[in-house]
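These are my notebook entries from one sitting with a single model. I begin with one residue and then turn to the whole chain.

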Amino acid sequence: MAGSGGSRTIHRVGSVGSTQDIAHELARDGAAHGTTVIAERQEAGRGTRGRGWSSGLGGLWLSMVLRPTTPLAIEGLSIRIGLAVAAALDSVLPIGASVQLKWPNDLFGQNRKLGGVLCEARWIGERLGWVVAGVGINVANGIGPDLALGAVRLVDLGGPANPEGLERLVGDVVDEASALGGMLSDHELKAFARRDWLLGRRILGPVSGIAAGLQADGRLLVRQPDGTSQAVFGPVVVGDLAQPRPSH
C-alpha cells in the first residue's frame, strides 16, 4: 500500500524479507528521492556485511531511497544518518537519557543495541544510481532470550511504544542528513565523539590499539602504543574499556 508522508511516498507492507530489497526494486523502477518502505516485520532483515537483524512486530523498520545530488562517501553518509537519528531519538526520551553510537552503524542505549543504520549504494556503470538508507529501531517489539542481554528497546529507556509515531521524525532526519555531502565536518566529528560508544575501548583486530574517534572520511582511528593512529574500515573486534571516558 502506497501513501504520502509529506512530500515523500510511503509504501507500507506487512511481513517482508527486507525493506532494503523492496526499496532497491522501487529505485530501479525510477522511484523518486525520499520514497520510503515501512514494514510491520522483516523475516530477513540485515545489518552490515550480511549480518541478520531480528525485526519483529512493534519495531520501526524503514528504508528510504536517496538520490544524492552532491558527492558523498557512503561511510560518511551512514555516520551522518546515525547522528541524526540518535538526536531525534534523544528528543523522545526522558531528560538525561541519550543514544550512543557504536561505529560504524549501531545505535546503543544503556550499553545495548537499540538499532542500526545500513546504507547500500547501487551504481550504473561508474555513476552512482541511488542509495538506500535503512533504519531499524527496537521500539516495543519482542526480544528473544538469545538477544536479551545485548539488545534494548526504546520503551525500555522510557521512550514511546508506538513505532508509527516515530515514522515522520525519523524519515525527516534521514532525508535531511542525505543532503549533506563531502567529508565529515569538525562539528560532526565532535558530535560523534559525544556519543562514541567505542571511544577508549580496546580494539583487538584487525589492528590492536585503543579506539580514538573518527577520521573525516568516516574511518575509525585506532591509537597504537607508540602514539600514532591507524585508520581502519571494516569489522573490528572489541575488548574492554581501556581508559576513563573523557568529559565533553
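I looked up Arg201 and found its place in strand 9, residues 201-205, where strands are DSSP runs of E of at least two residues and helices are runs of H or I of at least four, numbered from the N terminus. The model is predicted, so I kept in mind that local features need pLDDT of at least 70 and side-chain atom pairs pLDDT 80 or more, while totals for chains, interfaces and linings use all residues. Residues are numbered from 1 along each chain as its sequence is written, and side-chain values use heavy atoms, with hydrogens and water left out.

Next I checked the burial of Arg201: its relative accessibility is 12%, so it counts as buried (under 20% relative accessible area, with exposed over 50% and partly exposed in between, for a 1.4 Å probe and protein chains only). I then followed the side chain of Arg201 to the backbone oxygen of Trp197, which it reaches at 2.9 Å.

Turning to the whole protein, I noted 4 helices and 13 strands. The radius of gyration is 18 Å, close to the 18 Å that the globule rule gives for 248 residues, so the protein is as compact as a globular protein of that length; the radius is taken over C-alpha atoms, and the rule is 2.2 Å times the number of residues to the power 0.38. Along the principal axes I recorded a C-alpha trace spanning about 55 × 45 × 30 Å.

Finally, I noted that buried residues make up 48% of the 248 residues. Of the contacts (heavy atoms within 4.5 Å) between residues at least 6 apart in sequence, 63% join residues at least 24 apart.

Conventions:
A polar contact is a pair of N or O atoms within 3.5 Å; within protein, one must be able to donate a hydrogen and the other to accept it, and residues adjacent in sequence count only if both atoms are side-chain atoms.
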